[in-house]
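Student: Could you walk me through this model, beginning with the ligand and then moving on to the sheets and helices?

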Amino acid sequence: MSEYFNLKWFDKNLAFICEDLMNDHARTLAVRALYLVILGSLLMIAVPYGISWYIDGLTNQLLDAMLVGGIMFLGLQLFEIMISFARQRVRERFFQQAFWFLPQAITALSFARPLSFLTSQSSDINGGGIESLRDKVWSVIGNYIFTIIPIYGLAIFGIAACFFAHPLIGLAATLYAVVELGLGRFNNRFIQTEMRPVIDLFKRWDRRMSEWWHNLDHIKHQGVETKILGLIHDEVQVALQGDDRVWRIYYSNWIAIRQTISLVFAMVIYGATGYLVYTGVVSGANGVLVFFSMQRVRNTLRELSDQQREVQFNLASIAKYRRVLKKDVPFCYDEGEDFAGRDICVAFDHVSHTVQTQDEIPKPILRDVSLDIPTGMKVGVVGPSGAGKSQLMSLLVRATDPGSGQVLVNNQDLRELKLESLLRYYGVIMQKSEPYEDTILGNLLFGVSHLDLPVAYEGLPAHKQAKICALARTALDKAGLDPAQFDDGIHTNIGYKGLTLSGGQQQRLQIAAAHLKINITSDRPRLILADEPTASLDSMSELTVMQHLQEELPKDTTMLMVAHRLSTVANMDKIVFVRPLAMCDNNTTQVTMHDSLAQLYTAEALFREMADAQQFVPEGIKKAA
Ligand SMILES: Nc1ncnc2c1ncn2[C@@H]1O[C@H](COP(=O)(O)OP(=O)(O)OP(=O)(O)O)[C@@H](O)[C@H]1O
Ligand SMILES: [Mg+2]
């Protein structure tokens with residue numbers, strides 16, 4: 001089709017579908033269907049005229065006119081039935097045969113173009129969702145071939161019949177059609193503009209949802225699950241309200257106005273025709289013709305119910321969001337006893353832990369781990385990669401529960417505590433966590449519990465905002481991240497998954513977040529869990545960052561720090577060594593605690609290998625040259 005004229009001029013969606021989504025075969029089918037519809041339309045419109053001509057040369061007898069009108073009416077009905085039958089047939093052929101590019105096209109589309117490209121410019125209104133794209137594509141192509149073209153045909157037929165009765169009636173009918181079409185266009189455009197922010201909102205929400213749930217570990221570790229659910233809830237409510245509003249405007253204003261105008265026009269034409277028949281200017285037979293030709297009015301009214309169906313269809317996608325909101329959350333952060341303490345000591349009591357591999361095969365990671373870490377102790381955790389160090393940390397934030405044994409905080413089983421109240425006192429720097437598509441400040445405030453900051457930053461009075469900004473700047477400074485290098489300082493949006501930041505900058509952002517948590521209220525946090533906090537930093541930055549991290553802590557803050565670079569943990573009070581379970585025989589204790597790296601070096605051959613590989617000589621060890 002596109003060889004003959006520029007489809008983009010006609011409709012951008014249609015052009016996109018024909019040029020990008022269809023292959024030659026599909027295009028041929030579409031063109032053939034189009035020709036058939038045009039031919040059928042012409043025939044169906046011409047045949048009733050022909051029959052009536054045959055009966056009495058477009059009669060002046062009222063009875064014959066009734067017959068002519070009846071034949072035309074039936075003919076048009078038949079025409080509509082045939083069109084919808086053909087529509088179904090073609091639809092099935094389009095979808096059942098594999099020549100349609102849809103699967104690849106959908107994939108490409110979801111990467112290359114926002115879905116709203118299709119939705120926002122057609123009259124289909126929907127919050128989006130890839131599963132309904134198929135229907136949308138069909139709806140655009142099918143509407144053109146089977147609805148819009150026949151409707152133009154019907155309108156021409158109706159107007160021609162009116163002209164035949166009397167030029168004035170013909171003019172009125174033309175005016176009617178023009179107004180109807182114009183209103184329809186204006187209507188759609190209006191809805192698109194109104195709908196745009198709502199669609200954008202849904203899109204943003206979808207993106208955030210996936211970002212949040214991808215980073216579920218981060219949410220769990222920071223104990224901000226309730227806060228996140230609250231945010232999601234708020235955003236969806238706004239989106240739903242916007243959506244409801246659009247539908248209300250649509251119905252109360254546009255459909256009502258449009259239908260009223262249609263009806264007024266119909267009444268004017270019918271009234272005028274009646275008057276002209278009464279005064280003898282128009283024959284009764286032609287009056288009947290006008291009556292039947294104006295069945296477009298009926299069609300318009302029928303459109304109303306179509307639109308209602310459309311609303312139902314769209315409401316289904318909104319219902320989807322509502323269902324998501326009501327979904328049970330897999331972990332419960334606001335259950336259990338409030339954490340009443342301040343200082344934190346932790347202990348592992350005969351903890352064993354098994355994870356499920358992707359094939360659902362249980363894989364033991366930790367076996368019979370017992371550790372006792374009193375308040376204020378700084379512990380370095382070392383061991384080969386994959387030994388289970390991060391798992392040990394995950395157990396402490398209850399990102400996962402142990403298979404057997406107990407993880408204790410202040411001698412209380414972690415499972416009995418309300419995590420939301422406990423994790424406020426934790427500063428967690430995870431081995432890997434992606435920042436969110438938000439500002440630098442937004443990312444820093446992410447881990448701050450809503451118990452500490454009940455109102456979102458945007459809702460705070462100016463002086464409190466200024467205070468938080470100052471705290472954030474200090475925290476960033478301590479982590480060695482200078483916000484001045486970004487366009488909008490701490491209000492710079494760092495992009496999807498923080499893509500505009502380097503690995504080291506992302507890590508500094510996490511460290512800064514821990515600093516901010518320390519300073520947002522006095523004397524906190526009481527437990528620092530740091531899993532390779534400086535892995536992406538060079539040794540020089542590491543030194544300053546570590547210095548800040550350790551100096552900043554109140555004296556009785558407990559700390560567990562995992563590190564591969566042994567110099568990082570050289571000054572710790574104790575060293576925990578985690579040996580991979582695969583390297584343990586039945587009598588080996590998997591996790592052991594040592595007074596210093598030197599002691600560990602003497603006691604553990606496996607550790608000696610690790611240290612030697614780094615050319616690291618613990619203080620107090622005399623290495624034979
Ligand atoms: N969610 C999971 N599903 C399956 N296996 C897992 C999962 N998480 C960790 N593991 C496995 O548990 C073992 C311990 O992982 P962990 O992340 O605790 O190691 P690590 O000591 O922190 O290693 P690294 O020093 O490389 O960070 C690894 O062998 C890993 O394959
Ligand atoms: Mg790890």
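Student: Which elements each supply at least two residues of the shell around ligand 1?
Tutor: In this predicted model, strand S2 (362–373) and helix H13 (389–396) each supply at least two residues of that shell, and the largest share, three residues, comes from H13.

Student: And how many residues surround ligand 1, and which are the closest?
Tutor: Ligand 1 is surrounded by 13 residues, and the closest of them are Ser385, Gly386, Lys389, Ser390 and Gln391.

Student: How does that shell divide into nonpolar, polar and charged?
Tutor: Eight of the residues in the shell around ligand 1 are polar, three are nonpolar and two are charged.

Student: Back to S2, then: what is the order of the strands in its sheet?
Tutor: S2 belongs to an open sheet of four strands, whose order is S2-S1-S4-S5 and whose pairing is antiparallel. The edge strands are S2 and strand S5 (412–413), each of which pairs on one side only. As for H13, that helix packs on the sheet, where it touches S1, S2 and strand S4 (404–409), and its direction makes about 115 degrees with that of S1.

Student: Over how many bridges do S1 and S2 pair?
Tutor: Strand S1 (residues 346–356) pairs with S2 over eight bridges, in the antiparallel sense. Within S2, leucine 366 is the residue that stands opposite histidine 353.

Student: New topic: what is the strand order in the open sheet of six strands?
Tutor: The order there is S6-S7-S8-S3-S9-S10, and the pairing in this open sheet is mixed. Its edge strands are strand S6 (426–429) and strand S10 (591–594), each pairing on one side only. On average, neighbouring strands of this sheet are turned by 15 degrees against each other, if direction is ignored.

Student: In which sense do S3 and S9 pair, parallel or antiparallel?
Tutor: Strand S3 (residues 378–382) and strand S9 (residues 574–578) pair in the parallel sense, over four bridges. In S9, isoleucine 575 stands opposite glycine 380, while lysine 574 stands opposite valine 379.

Student: What about S3 and S8?
Tutor: S3 and strand S8 (residues 558–562) also pair in the parallel sense, over four bridges, and valine 562 in S8 is the bridge partner of valine 381.

Student: Last topic, helices: at roughly what angle do the axes of H16 and H17 cross?
Tutor: The axes of helix H16 (residues 462–478) and helix H17 (residues 503–520) cross at roughly 135 degrees and come within 8 Å. H16 is therefore oblique to H17, and the crossing of the two helices is right-handed.

Student: Which residues make the contact?
Tutor: From H16 the contact takes Leu471, Ala472, Thr474, Ala475, Leu476 and Lys478, and from H17 it takes Ala512, His515, Leu516, Asn519 and Ile520. Sorted by class, the contact of H16 with H17 has seven nonpolar residues, three polar ones and one charged residue.

Conventions. Residues are numbered from 1 along each chain as its sequence is written. Chains are lettered from A and ligands numbered from 1 in the order in which they are written. This is a predicted model: local features need pLDDT of at least 70, side-chain atom pairs count only at pLDDT 80 or more; totals for chains, interfaces and linings use all residues. A residue is near a molecule or strand if its C-beta atom, placed from the backbone, lies within 6 Å of it. Ala, Val, Leu, Ile, Met, Phe, Trp, Tyr, Cys and Pro count as nonpolar, Asp, Glu, Lys and Arg as charged, and the others, Gly among them, as polar. Two strands pair if DSSP finds at least two bridges between them. Two residues are in contact if their C-beta atoms, placed from the backbone, lie within 7 Å. Axes are lines fitted to C-alpha atoms, for helices over the stretch in contact, and angles run from 0 to 180 degrees between N-to-C directions. Angles under 35 degrees count as roughly parallel, over 145 as roughly antiparallel, 65 to 115 as roughly perpendicular and the rest as oblique. A crossing is left-handed if the near helix is turned anticlockwise from the far one by less than a right angle, and right-handed if clockwise.
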